[in-house]
Amino acid sequence: MKKSIFTLVLVYASVVVFAQGLGVGIKAGANFANLSTDNFSNSSITSYHAGVYANINFSEKWGVTPEVLWSAQGAELNNLKLKTDFVTVPIMIRWRVIELISLEAGPQFNFLTSADLDGNDVKDDLKNNTYSVAVGALVHLPLGLNGGVRYIIGMTDLTEDDSNELKDRTFQIYVGWTLFGAK
C-alpha cells in the first residue's frame, strides 16, 4: 500500500512539475578544442561531449537550461598532445527569438577528471576546478529534437604554474533530444 501511494505521489508530482515547463533530455556532439596561450605554439584537436540537460521555462520566451556533460578537450602544444577530460556544468539562460531559434549564454563550471600530455599523467599540474563563459544558438526541431552551436571561453588559468597561462577555448556542435516535458 505504501508503495502504491508513493508511486501515485511521484506520478502526480511529475505531472505538476512538467506541466509548469520542465523538460529533460540528452545531448551529444563534437568539440573543437584549443587553449589560449602565449608560451606555446598550439593547434586545436577534435573530441566530443555528451550528457543530460533540463529545460526550465519561465515564459514562452525565457528559460534556463542546466546541463551535466562529459567533455573531452585539450590541444596540441609544441607538437605534444594534451588531452583533458572534464565534467562540465553549463547553466545557460535561453531567449527564444522566434519559435524555431533560441539564443543562450551563461557560466560553465568545469571539474577536471583526467589530463594526459603525450602519455604522461599531468592532472596534478592543472587546476581541478575552473569556470568559463559560454554563448550559443539553438534550433528547436519537431519531436523534441534540437541542434546547436556554442563557443566556450575559459576565464581561469588551467595551470598551477604561474609562468604559463592556459585557458580553454572550445567550439561545440551538438544534437539533443528532449525526452519528455517542456521543449
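Which residues make up the largest nonpolar core? I found 11 residues in all: Leu35, Ala75, Leu77, Leu82, Phe86, Leu112, Ala115, Val122, Leu126, Leu158 and Leu166. A nonpolar core is here a set of buried Ala, Val, Leu, Ile, Met, Phe, Trp, Tyr and Cys residues joined through side-chain atoms within 4.5 Å, where buried means under 20% relative accessible area with a 1.4 Å probe and protein chains only. Strands E4, E5 and E6 each supply at least two residues of this core; strands are DSSP runs of E, at least two residues long, numbered from the N terminus.

Before going on I note the basis: this is a predicted model, in which local features need pLDDT of at least 70 and side-chain atom pairs count only at pLDDT 80 or more, while totals for chains, interfaces and linings use all residues. Residues are numbered from 1 along each chain as its sequence is written, and side-chain values use heavy atoms, with hydrogens and water left out.

Entry on strand pairing. I counted two strands as paired if DSSP finds at least two bridges between them. E5 (residues 80-96) and E6 (residues 101-117) run antiparallel and are joined by 13 bridges, with 4 residues between them in a hairpin. Within this pair, Val87 stands opposite Phe111. E6 also pairs in the antiparallel sense with E8 (residues 129-140), over 11 bridges, and there Gly106 of E6 faces Ala134.

Entry on the end of E6. The antiparallel pairing of E6 with E7 (residues 120-121) has 2 bridges, and Asp116 stands opposite Asp121. Their hairpin has 2 residues between the strands, and Asp118 in it takes a positive phi near 45°. I then looked up Val122, a member of the largest nonpolar core: leaving aside neighbours within four places in sequence, Val122 is in contact (heavy atoms within 4.5 Å) with Leu82, Ala115, Asp116 and Leu117.

Entry on pockets. On a 1 Å grid over the protein atoms alone, a pocket is an open set of points with protein on both sides within 12 Å along at least five of seven lines, a cavity is a set where a 1.4 Å probe fits but cannot get out, and lining residues have an atom within 4 Å of a point. The largest pocket has a volume of about 260 Å³, taken as the space filled by probe spheres set on the points. Its lining has 13 residues, and those closest to its centre are Phe40, Leu117, Leu126, Thr159 and Leu166. Leu126 and Leu166 also belong to the largest nonpolar core.

The second largest pocket holds about 190 Å³ of space. Of its 13 lining residues, Ser59, Glu60, Lys61, Arg96 and Glu99 are the closest to its centre. E5 contributes the largest share of this lining, 3 residues.

How many cavities of 30 Å³ or more does the count come to? I found 1, and the space in the largest cavity is about 140 Å³. Of the 17 residues lining this cavity, the closest to its centre are Tyr53, Asn55, Leu138, Asn146 and Thr178. Strand E9 (145-154) is among the elements that give two or more residues to this lining, and E9 gives the most, with 3 residues.

Terms used. Buried < 20%, exposed > 50% of the residue type's maximum accessible area, 1.4 Å probe, protein only.
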